[in-house]
Amino acid sequence: MRAIDTRRTTGGSARTQGCTVARRRPPDAFELEILRNVVGWAQYGGLRDEETLPLFGMSASATYDRACAIICTATGATQVQVRKHLLAMANRLVNDPVGRTQGRTGQ
């Protein structure tokens, strides 16, 4: 019986992935493409189903969940840690979209 590669067909939400990672491994080419799209579309308001369904066969929400799972697997971080970090980064972007306060010292 042939094993089924579910990495490309499931969203991997926090509920189904759990919060621990047994073994770290670098992302494969498909996973890197997911990460590139998540990062690339962030400046335009994020991914939309119109982009993710044809590319990855999953909704935008499932793609974000998968991106978090990829980061967890690569770094050993938990889903909660990854989501907190992404939320903090998003808040910084919302409050300072052009990076006016980055790199300033003594002001």
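Among contacts in the chain between residues at least 6 apart in sequence, what percentage join residues at least 24 apart? The value is 54%, where contact means heavy atoms within 4.5 Å. The structure is a predicted model, in which local features need pLDDT of at least 70 and side-chain atom pairs count only at pLDDT 80 or more, while totals for chains, interfaces and linings use all residues. Residues are numbered from 1 along each chain as its sequence is written, and side-chain values use heavy atoms, with hydrogens and water left out.

The chain contains five helices and zero strands, giving the pattern α-α-α-α-α when read along the sequence. Helices (H or I, at least four residues) and strands (E, at least two) are DSSP runs, numbered from the N terminus. Of the 107 residues, 29% count as buried, a term for residues under 20% relative accessible area with a 1.4 Å probe and protein chains only (exposed is over 50%, partly exposed in between).

Two packed helices are described by the angle between their axes and the distance between the axes. Helix H2 (residues 29-42) packs against helix H4 (residues 60-75) at an angle of about 120°, and their axes are 10 Å apart. Here axes are lines fitted to C-alpha atoms, for helices over the stretch in contact, and angles run from 0 to 180 degrees between N-to-C directions. H2 and H4 are therefore oblique to each other; under 35 degrees counts as roughly parallel, over 145 as roughly antiparallel, 65 to 115 as roughly perpendicular and the rest as oblique. On the H2 side the contact is made by Glu-31, Ile-34, Leu-35 and Val-38, and on the H4 side by Thr-63, Tyr-64, Arg-66, Ala-67, Ile-70 and Ile-71.

Leaving aside neighbours within four places in sequence, Leu-35 is in contact with Pro-27, Ala-67, Ile-70 and Ile-71. The C-alpha atoms of Leu-35 and Ile-71 are separated by 8.7 Å, although these residues are 36 residues apart along the chain.

H2 also meets helix H3 (residues 49-56), with axes that come within 12 Å and cross at roughly 170°. That makes H2 roughly antiparallel to H3. Phe-30, Glu-33, Ile-34, Asn-37 and Trp-41 in H2 meet Glu-51, Leu-55 and Phe-56 in H3. Within H2, Asn-37 counts as buried because its relative accessibility is 10%. Asn-37 touches Leu-47, Leu-55 and Phe-56, not counting residues up to four places away in sequence.

Further along, H4 packs on helix H5 (residues 79-95): their axes come within 9 Å and cross at roughly 115°. H4 and H5 are therefore roughly perpendicular to each other. The contact involves Asp-65, Cys-68, Ala-69, Ile-71 and Cys-72 of H4, together with Gln-79, Val-82, Arg-83 and Leu-86 of H5.

The largest nonpolar core has 11 residues, among them Phe-30, Ile-34, Leu-35, Val-38, Ala-67 and Ile-70. Such a core is a set of buried Ala, Val, Leu, Ile, Met, Phe, Trp, Tyr and Cys residues joined through side-chain atoms within 4.5 Å. H2 and H4 each supply at least two residues of this core. Ala-60 is also one of the core residues, and, leaving aside its neighbours within four places in sequence, Ala-60 is in contact with Leu-47, Arg-48, Asp-49 and Thr-52.
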